[in-house]
Amino acid sequence: MALNEESAEKRKSARLAIFELANMISVPMSLNAIVRLKVADAIWQGGSNAPLSASQILQRIASTGSDPENLQRILRMLTSYGVFEEHLTIESSPLDGSASERKYSLTEVGKTLVTDTEGLSYAPYVLQHHQDALMKAWPLVHEAVLDPTTEPFVKANGEPAYDYYGKQPEMNELMLKAMSGVSVPFMEAMLDGYDGFKGVERLVDVGGSAGDCLRMILKKHPGVRQGINFDLPEVVAKAPIIPGVTNVGGDMFKSIPDGDAIFMKWILTTWTDNECKLIMENCYKALPVGGKLIACEPVLPKDSDDSHRTRALLEGDIFVMTIYRAKGKHRTEEEFKQLGQSVGFSHFRAFYVDYFYTVLEFQK
(Lines give C-alpha, C1' and ligand atoms only; values in the text may rest on other atoms or scores of the structure.)
Protein backbone atom coordinates (compact mmCIF):
# COMPACT_ATOMS: atom_id res chain seq x y z
CA MET A 1 0.00 0.00 0.00
CA ALA A 2 1.37 3.41 -0.95
CA LEU A 3 2.15 5.91 1.79
CA ASN A 4 -0.66 8.28 0.81
CA GLU A 5 -3.12 5.36 0.66
CA GLU A 6 -2.03 4.23 4.12
CA SER A 7 -2.48 7.77 5.46
CA ALA A 8 -5.94 7.95 3.89
CA GLU A 9 -6.93 4.69 5.59
CA LYS A 10 -5.69 5.99 8.93
CA ARG A 11 -7.68 9.21 8.47
CA LYS A 12 -10.84 7.19 7.71
CA SER A 13 -10.26 5.07 10.80
CA ALA A 14 -9.69 8.19 12.90
CA ARG A 15 -12.93 9.75 11.67
CA LEU A 16 -14.82 6.59 12.55
CA ALA A 17 -13.27 6.63 16.01
CA ILE A 18 -14.39 10.21 16.58
CA PHE A 19 -17.91 9.38 15.38
CA GLU A 20 -18.02 6.52 17.88
CA LEU A 21 -16.75 8.69 20.75
CA ALA A 22 -19.10 11.57 19.90
CA ASN A 23 -22.10 9.23 19.87
CA MET A 24 -20.97 7.28 22.94
CA ILE A 25 -23.80 8.76 25.01
CA SER A 26 -26.06 6.30 23.18
CA VAL A 27 -24.43 3.46 25.13
CA PRO A 28 -25.13 4.44 28.75
CA MET A 29 -28.52 5.88 27.89
CA SER A 30 -29.54 2.70 26.07
CA LEU A 31 -28.28 0.67 29.01
CA ASN A 32 -30.37 2.89 31.27
CA ALA A 33 -33.41 2.18 29.08
CA ILE A 34 -32.83 -1.58 29.21
CA VAL A 35 -32.68 -1.45 33.01
CA ARG A 36 -35.83 0.64 33.28
CA LEU A 37 -37.64 -1.81 31.00
CA LYS A 38 -36.35 -4.79 33.07
CA VAL A 39 -35.24 -6.54 29.88
CA ALA A 40 -32.58 -8.67 31.60
CA ASP A 41 -35.09 -10.19 34.04
CA ALA A 42 -37.52 -10.78 31.16
CA ILE A 43 -34.95 -12.77 29.20
CA TRP A 44 -33.47 -14.58 32.20
CA GLN A 45 -36.76 -16.03 33.49
CA GLY A 46 -35.28 -18.06 36.31
CA GLY A 47 -32.19 -19.11 34.40
CA SER A 48 -33.59 -20.17 31.04
CA ASN A 49 -31.92 -17.30 29.15
CA ALA A 50 -33.70 -18.49 26.02
CA PRO A 51 -33.20 -16.17 23.01
CA LEU A 52 -36.20 -13.88 22.58
CA SER A 53 -37.22 -11.44 19.87
CA ALA A 54 -37.99 -7.84 20.77
CA SER A 55 -41.70 -8.62 20.39
CA GLN A 56 -41.43 -11.58 22.76
CA ILE A 57 -39.57 -9.48 25.32
CA LEU A 58 -42.22 -6.76 25.18
CA GLN A 59 -44.95 -9.34 25.77
CA ARG A 60 -43.30 -9.97 29.15
CA ILE A 61 -42.59 -6.42 30.22
CA ALA A 62 -44.93 -3.91 28.57
CA SER A 63 -48.49 -3.11 27.70
CA THR A 64 -49.86 -3.00 24.16
CA GLY A 65 -48.70 -0.13 21.99
CA SER A 66 -45.00 -0.59 22.72
CA ASP A 67 -42.62 -0.57 19.75
CA PRO A 68 -40.59 -3.78 19.17
CA GLU A 69 -38.58 -2.20 16.36
CA ASN A 70 -37.22 0.54 18.62
CA LEU A 71 -36.43 -2.01 21.32
CA GLN A 72 -34.57 -4.13 18.77
CA ARG A 73 -32.51 -1.11 17.75
CA ILE A 74 -31.39 -0.70 21.36
CA LEU A 75 -30.73 -4.42 21.79
CA ARG A 76 -28.67 -4.59 18.62
CA MET A 77 -26.50 -1.63 19.59
CA LEU A 78 -25.84 -3.05 23.07
CA THR A 79 -25.03 -6.40 21.46
CA SER A 80 -22.05 -4.66 19.85
CA TYR A 81 -20.88 -3.82 23.39
CA GLY A 82 -21.27 -7.37 24.67
CA VAL A 83 -24.41 -6.94 26.78
CA PHE A 84 -26.53 -9.28 24.64
CA GLU A 85 -25.86 -12.11 22.23
CA GLU A 86 -27.72 -11.89 18.94
CA HIS A 87 -29.25 -14.99 17.32
CA LEU A 88 -30.24 -14.48 13.70
CA THR A 89 -32.79 -17.03 12.49
CA ILE A 90 -34.08 -17.54 8.95
CA GLU A 91 -37.74 -18.45 8.60
CA SER A 92 -39.83 -19.20 5.52
CA SER A 93 -42.07 -16.46 4.21
CA PRO A 94 -44.92 -16.68 1.69
CA LEU A 95 -43.80 -13.41 0.10
CA ASP A 96 -40.16 -13.96 -0.78
CA GLY A 97 -39.51 -17.44 0.52
CA SER A 98 -37.53 -16.43 3.61
CA ALA A 99 -37.34 -13.87 6.40
CA SER A 100 -34.85 -13.25 9.19
CA GLU A 101 -35.61 -12.62 12.83
CA ARG A 102 -33.23 -11.35 15.47
CA LYS A 103 -33.43 -12.84 18.95
CA TYR A 104 -31.38 -11.95 22.00
CA SER A 105 -30.02 -13.73 25.07
CA LEU A 106 -27.85 -12.42 27.91
CA THR A 107 -24.06 -12.54 27.88
CA GLU A 108 -22.10 -12.66 31.15
CA VAL A 109 -22.20 -8.86 31.08
CA GLY A 110 -25.97 -8.84 30.63
CA LYS A 111 -26.41 -11.29 33.50
CA THR A 112 -25.06 -8.69 35.94
CA LEU A 113 -28.36 -6.83 35.41
CA VAL A 114 -30.48 -9.81 36.50
CA THR A 115 -32.10 -9.47 39.93
CA ASP A 116 -30.89 -12.27 42.21
CA THR A 117 -32.76 -14.03 45.03
CA GLU A 118 -31.75 -11.28 47.46
CA GLY A 119 -33.11 -8.58 45.16
CA LEU A 120 -29.64 -7.37 44.17
CA SER A 121 -28.02 -6.70 40.80
CA TYR A 122 -25.91 -4.07 39.06
CA ALA A 123 -29.07 -2.53 37.58
CA PRO A 124 -29.52 0.07 40.37
CA TYR A 125 -25.88 1.09 39.85
CA VAL A 126 -26.73 1.93 36.25
CA LEU A 127 -29.84 3.89 37.25
CA GLN A 128 -28.04 5.72 40.06
CA HIS A 129 -25.50 7.11 37.61
CA HIS A 130 -28.18 8.46 35.29
CA GLN A 131 -30.49 10.38 37.60
CA ASP A 132 -31.53 13.83 36.48
CA ALA A 133 -29.43 15.72 39.03
CA LEU A 134 -26.29 13.84 37.99
CA MET A 135 -27.01 14.22 34.28
CA LYS A 136 -27.24 18.00 34.72
CA ALA A 137 -23.62 18.04 35.91
CA TRP A 138 -22.03 16.34 32.91
CA PRO A 139 -22.15 19.28 30.45
CA LEU A 140 -20.06 21.17 33.04
CA VAL A 141 -17.10 18.77 33.24
CA HIS A 142 -14.86 21.41 31.66
CA GLU A 143 -15.61 23.62 34.68
CA ALA A 144 -13.67 21.16 36.87
CA VAL A 145 -10.61 22.16 34.84
CA LEU A 146 -11.28 25.89 34.88
CA ASP A 147 -12.36 26.03 38.55
CA PRO A 148 -11.43 22.97 40.63
CA THR A 149 -12.73 24.57 43.84
CA THR A 150 -16.31 23.59 42.98
CA GLU A 151 -17.38 20.33 41.39
CA PRO A 152 -19.76 20.38 38.41
CA PHE A 153 -22.56 18.75 40.46
CA VAL A 154 -22.60 21.76 42.81
CA LYS A 155 -22.64 24.21 39.92
CA ALA A 156 -25.56 22.35 38.37
CA ASN A 157 -27.58 21.71 41.53
CA GLY A 158 -26.49 24.29 44.07
CA GLU A 159 -25.14 21.95 46.75
CA PRO A 160 -22.82 18.95 47.18
CA ALA A 161 -24.07 15.54 46.08
CA TYR A 162 -24.25 13.95 49.54
CA ASP A 163 -26.24 16.92 50.90
CA TYR A 164 -28.54 16.73 47.89
CA TYR A 165 -29.08 12.99 48.35
CA GLY A 166 -29.94 13.55 51.99
CA LYS A 167 -32.89 15.72 50.97
CA GLN A 168 -34.09 13.33 48.27
CA PRO A 169 -35.18 10.03 49.88
CA GLU A 170 -35.71 8.26 46.55
CA MET A 171 -32.25 9.22 45.31
CA ASN A 172 -30.65 8.18 48.56
CA GLU A 173 -32.48 4.86 48.58
CA LEU A 174 -31.40 4.15 45.01
CA MET A 175 -27.78 4.98 45.84
CA LEU A 176 -27.81 2.62 48.83
CA LYS A 177 -29.35 -0.14 46.71
CA ALA A 178 -26.77 0.48 43.99
CA MET A 179 -23.93 0.24 46.51
CA SER A 180 -25.36 -2.98 47.93
CA GLY A 181 -25.56 -4.52 44.46
CA VAL A 182 -21.88 -3.72 43.87
CA SER A 183 -20.70 -4.35 47.41
CA VAL A 184 -21.95 -7.89 47.98
CA PRO A 185 -20.04 -9.51 45.06
CA PHE A 186 -16.91 -7.59 46.03
CA MET A 187 -17.16 -8.57 49.69
CA GLU A 188 -17.62 -12.21 48.72
CA ALA A 189 -14.48 -12.05 46.58
CA MET A 190 -12.58 -10.22 49.29
CA LEU A 191 -13.52 -12.65 52.05
CA ASP A 192 -12.46 -15.56 49.85
CA GLY A 193 -9.11 -14.04 48.89
CA TYR A 194 -7.95 -11.83 51.79
CA ASP A 195 -6.83 -13.12 55.20
CA GLY A 196 -6.20 -9.82 56.97
CA PHE A 197 -9.08 -10.17 59.46
CA LYS A 198 -7.37 -13.05 61.27
CA GLY A 199 -6.51 -12.07 64.83
CA VAL A 200 -8.81 -9.03 64.80
CA GLU A 201 -11.28 -8.93 67.72
CA ARG A 202 -12.65 -5.39 67.47
CA LEU A 203 -13.28 -4.10 63.94
CA VAL A 204 -14.47 -0.60 63.05
CA ASP A 205 -16.22 -0.07 59.70
CA VAL A 206 -15.90 3.61 58.74
CA GLY A 207 -18.82 4.66 56.57
CA GLY A 208 -20.52 1.34 57.26
CA SER A 209 -24.04 2.56 56.45
CA ALA A 210 -26.49 -0.26 57.26
CA GLY A 211 -23.72 -2.60 58.47
CA ASP A 212 -23.92 -5.05 55.55
CA CYS A 213 -20.14 -5.39 55.24
CA LEU A 214 -19.70 -6.03 58.95
CA ARG A 215 -22.43 -8.65 58.84
CA MET A 216 -20.54 -10.54 56.12
CA ILE A 217 -17.16 -10.16 57.81
CA LEU A 218 -18.41 -11.40 61.18
CA LYS A 219 -20.08 -14.38 59.56
CA LYS A 220 -16.85 -15.35 57.81
CA HIS A 221 -14.56 -14.51 60.75
CA PRO A 222 -16.23 -15.37 64.08
CA GLY A 223 -13.00 -14.37 65.83
CA VAL A 224 -14.09 -10.74 65.29
CA ARG A 225 -16.11 -10.46 68.50
CA GLN A 226 -17.16 -6.85 68.17
CA GLY A 227 -18.03 -4.83 65.10
CA ILE A 228 -18.43 -1.06 65.25
CA ASN A 229 -20.59 0.36 62.47
CA PHE A 230 -19.41 3.98 62.34
CA ASP A 231 -21.20 6.51 60.16
CA LEU A 232 -23.01 9.84 60.39
CA PRO A 233 -25.58 9.92 63.23
CA GLU A 234 -28.52 10.23 60.82
CA VAL A 235 -27.25 7.17 58.90
CA VAL A 236 -26.68 4.80 61.81
CA ALA A 237 -30.01 5.88 63.31
CA LYS A 238 -31.64 3.91 60.48
CA ALA A 239 -29.24 0.95 60.62
CA PRO A 240 -30.76 -2.42 61.58
CA ILE A 241 -29.79 -4.38 64.66
CA ILE A 242 -27.09 -6.94 63.83
CA PRO A 243 -25.79 -9.39 66.46
CA GLY A 244 -22.25 -8.45 67.44
CA VAL A 245 -22.45 -5.00 65.86
CA THR A 246 -22.74 -1.67 67.67
CA ASN A 247 -23.88 1.37 65.69
CA VAL A 248 -21.90 4.52 66.50
CA GLY A 249 -22.59 7.95 65.04
CA GLY A 250 -19.88 10.53 64.47
CA ASP A 251 -17.66 12.42 62.05
CA MET A 252 -14.59 10.69 60.62
CA PHE A 253 -12.91 14.07 60.16
CA LYS A 254 -13.00 14.61 63.93
CA SER A 255 -12.35 11.17 65.41
CA ILE A 256 -12.82 7.45 64.78
CA PRO A 257 -13.63 4.77 67.40
CA ASP A 258 -10.75 2.60 68.62
CA GLY A 259 -10.30 -0.87 67.17
CA ASP A 260 -7.74 -3.57 66.41
CA ALA A 261 -8.41 -2.86 62.75
CA ILE A 262 -10.35 -0.26 60.78
CA PHE A 263 -12.17 -1.15 57.58
CA MET A 264 -13.48 1.22 54.94
CA LYS A 265 -14.78 0.74 51.42
CA TRP A 266 -14.76 3.40 48.71
CA ILE A 267 -14.23 6.23 51.20
CA LEU A 268 -10.86 7.75 50.32
CA THR A 269 -11.54 8.07 46.60
CA THR A 270 -14.15 10.80 47.07
CA TRP A 271 -11.87 13.13 49.05
CA THR A 272 -8.87 15.35 48.34
CA ASP A 273 -5.35 14.36 49.38
CA ASN A 274 -5.45 16.61 52.45
CA GLU A 275 -8.85 15.28 53.47
CA CYS A 276 -7.61 11.71 53.02
CA LYS A 277 -4.64 12.48 55.24
CA LEU A 278 -6.97 13.76 57.97
CA ILE A 279 -9.13 10.64 57.77
CA MET A 280 -6.08 8.40 57.83
CA GLU A 281 -4.53 10.35 60.73
CA ASN A 282 -7.68 9.71 62.77
CA CYS A 283 -7.46 6.03 61.83
CA TYR A 284 -3.82 5.95 62.93
CA LYS A 285 -4.73 7.48 66.31
CA ALA A 286 -7.52 4.92 66.82
CA LEU A 287 -5.26 1.91 66.24
CA PRO A 288 -2.83 0.15 68.59
CA VAL A 289 0.75 -0.62 67.54
CA GLY A 290 0.43 -3.40 64.98
CA GLY A 291 -3.16 -2.42 64.18
CA LYS A 292 -4.14 -1.85 60.58
CA LEU A 293 -6.33 0.16 58.30
CA ILE A 294 -7.94 -1.98 55.59
CA ALA A 295 -9.14 0.27 52.77
CA CYS A 296 -10.93 -1.04 49.68
CA GLU A 297 -10.59 1.42 46.84
CA PRO A 298 -10.45 1.64 43.05
CA VAL A 299 -6.72 1.74 42.21
CA LEU A 300 -5.50 3.18 38.93
CA PRO A 301 -2.87 1.27 36.95
CA LYS A 302 0.48 2.96 36.52
CA ASP A 303 0.19 2.92 32.72
CA SER A 304 -2.82 3.73 30.54
CA ASP A 305 -4.20 1.14 28.13
CA ASP A 306 -7.50 0.25 26.46
CA SER A 307 -8.45 -2.71 28.67
CA HIS A 308 -11.94 -2.84 30.18
CA ARG A 309 -10.44 -2.57 33.69
CA THR A 310 -8.36 0.52 32.93
CA ARG A 311 -11.23 2.22 31.14
CA ALA A 312 -13.66 1.46 33.99
CA LEU A 313 -11.24 2.87 36.55
CA LEU A 314 -10.46 6.01 34.53
CA GLU A 315 -14.15 6.59 33.80
CA GLY A 316 -14.90 6.19 37.51
CA ASP A 317 -12.23 8.78 38.24
CA ILE A 318 -14.00 11.33 36.02
CA PHE A 319 -17.31 10.44 37.70
CA VAL A 320 -15.81 11.26 41.11
CA MET A 321 -14.40 14.55 39.78
CA THR A 322 -17.74 15.54 38.28
CA ILE A 323 -20.18 14.45 40.97
CA TYR A 324 -18.47 14.20 44.35
CA ARG A 325 -15.24 16.16 44.57
CA ALA A 326 -13.41 18.06 41.85
CA LYS A 327 -10.11 17.10 43.51
CA GLY A 328 -11.28 13.79 44.90
CA LYS A 329 -9.84 11.03 42.75
CA HIS A 330 -8.90 7.45 42.07
CA ARG A 331 -5.23 6.96 42.89
CA THR A 332 -2.39 4.63 41.96
CA GLU A 333 -1.03 2.09 44.41
CA GLU A 334 2.07 4.26 44.93
CA GLU A 335 -0.05 7.34 45.68
CA PHE A 336 -1.99 5.42 48.34
CA LYS A 337 1.27 4.13 49.81
CA GLN A 338 2.62 7.68 50.06
CA LEU A 339 -0.56 8.90 51.76
CA GLY A 340 -0.21 6.16 54.36
CA GLN A 341 3.44 6.90 55.00
CA SER A 342 2.71 10.62 55.35
CA VAL A 343 0.54 9.97 58.44
CA GLY A 344 2.82 7.39 60.05
CA PHE A 345 1.82 3.96 58.73
CA SER A 346 5.03 1.95 58.38
CA HIS A 347 3.88 -1.09 56.39
CA PHE A 348 1.79 -1.25 53.22
CA ARG A 349 0.40 -4.16 51.18
CA ALA A 350 -2.01 -4.29 48.24
CA PHE A 351 -4.26 -7.24 47.35
CA TYR A 352 -6.02 -7.49 44.00
CA VAL A 353 -9.03 -9.64 44.91
CA ASP A 354 -11.60 -8.07 42.60
CA TYR A 355 -11.63 -6.73 39.05
CA PHE A 356 -12.42 -3.16 40.12
CA TYR A 357 -11.53 -2.74 43.80
CA THR A 358 -8.17 -3.34 45.49
CA VAL A 359 -7.63 -4.10 49.18
CA LEU A 360 -5.03 -1.73 50.64
CA GLU A 361 -3.56 -2.62 54.03
CA PHE A 362 -1.78 0.03 56.10
CA GLN A 363 -0.18 -1.25 59.31
CA LYS A 364 0.86 0.91 62.28
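User: What are the ground rules on numbering and confidence?

Analyst: Residues are numbered from 1 along each chain as its sequence is written, and side-chain values use heavy atoms, with hydrogens and water left out. It's a predicted model, so local features need pLDDT of at least 70 and side-chain atom pairs pLDDT 80 or more, while totals for chains, interfaces and linings use all residues.

User: How do you know how many disulfides there are?

Analyst: A disulfide is a pair of cysteine sulfur atoms within 2.5 Å. By that rule the count is zero. Take Cys276: the nearest cysteine sulfur, in Cys283, is 10 Å away.

User: What makes Cys276 count as buried or exposed?

Analyst: Buried means under 20% relative accessible area, exposed over 50%, partly exposed in between (1.4 Å probe, protein chains only). Cys276 has 0% relative accessibility, so it's buried. Cys296 is also at 0%, and therefore buried. Across the chain's 364 residues, 43% count as buried.

User: Why is H16 called a helix, and what span is expected?

Analyst: Helices are DSSP runs of H or I with at least four residues (strands: E, at least two), numbered from the N terminus. H16 covers residues 308–324, 17 residues. The expected span is 1.5 Å times one less than the number of residues; H16 reaches 23 Å from first C-alpha to last, close to the 24 Å expected. Its buried residues include Leu313, Phe319 and Val320.
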